[in-house]
Amino acid sequence: MIKSRGSVLKSIGCRYSSLYSPESIFSEENVKKTVAKFSSMKAIRMIPHQPTKRAGVLIPLCLIDGKVEVLYTLRAANLKSHRGQVSFPGGMQDVTDKNLEETALRETEEELGIEGDDIEIWGSSNVIVTKQETDVTAVIGKIKGEYKTQRLKVNPSEVEDVFTVSLEELCKPQNIGYTQFRGVFASMPVFLGGKLRIWGLTALLTHRFLSSLLPHQAYSHNIKHVHLVKSVTSRHTSR
């Protein structure tokens, strides 16, 4: 039997969509594979010395109307650092935190009102040492149950806005750009498919996470990294 072009395209589309389905993403096999790859990625160091500050951020996965989405926040304009920037929930390690997973969970509850018991922790990344002299560890976590924005208890002193972006939108080639650094620093990813532009450290973490979570046919954007940065002369954004 000869299939029509329309039926073939529909079949391909269904197979493509299944790569982002909750059944594929949240399967035990995929969770194990994601954690193994994410934790084994090389550390990135943007300064030559070891910083004294440590931070933990949560990469929150959630389910909305049958689609897997990633949650982001917009930092409040009154904050001392990174104000008005898109970020993941998280912050500096407190002396009472046993580890950086606990830091990420505590900060998420303080910022969004999501309790630690409502988050299923998958695992953590290797470190990224930023130019702000902070050792950052990312923690993957799935928000249990169906995500409802109205259930959040957003702390306005820390968070100005909260939004989610589906995996499919994040991975569309037309929604992925880069910020090019001249000189010694390589390009960095920029994601344009959501409510707000995702760039900087948050985009870098998003890229590493998607590369770990999804097969190559679902996400294949390649970014070259430099592990040590001495200076940045200028930059421009292109797509």
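## Cysteines

Cys 171 counts as buried because its relative accessibility is 5%. Cys 62, at 0%, is also buried. Buried means under 20% relative accessible area, with a 1.4 Å probe and protein chains only. The whole structure holds 0 disulfides, defined as cysteine sulfur pairs within 2.5 Å.

This is a predicted model: local features need pLDDT of at least 70, side-chain atom pairs count only at pLDDT 80 or more, and totals for chains, interfaces and linings use all residues. Residues are numbered from 1 along each chain as its sequence is written, and side-chain values use heavy atoms, without hydrogens or water.

## Nonpolar cores

A nonpolar core joins buried Ala, Val, Leu, Ile, Met, Phe, Trp, Tyr and Cys residues through side-chain atoms within 4.5 Å. The largest has 42 residues. Val 70, Tyr 72 and Trp 122 are among those with the most contacts inside it. Helix H6 (200–213) is one of the elements that give it two or more residues. H6 supplies the largest share, 6 residues. Helices (H or I, at least four residues) and strands (E, at least two) are DSSP runs, numbered from the N terminus.

A second, separate core has 15 residues, including Cys 62 and Ile 119.

## Aromatic pairs

The search finds 4 aromatic pairs. Ring centres must lie within 6.5 Å, using the six-membered ring of Trp; planes under 30 degrees apart are stacked, over 60 edge-to-face, the rest tilted. Phe 26 and Trp 122 are edge-to-face, with centres 6.2 Å apart and planes at 85°. They sit 96 residues apart in the chain. Both are buried.

Tyr 72 and Phe 88 are stacked, at 4.9 Å and 25°.

Note on methods:
Buried < 20%, exposed > 50% of the residue type's maximum accessible area, 1.4 Å probe, protein only.
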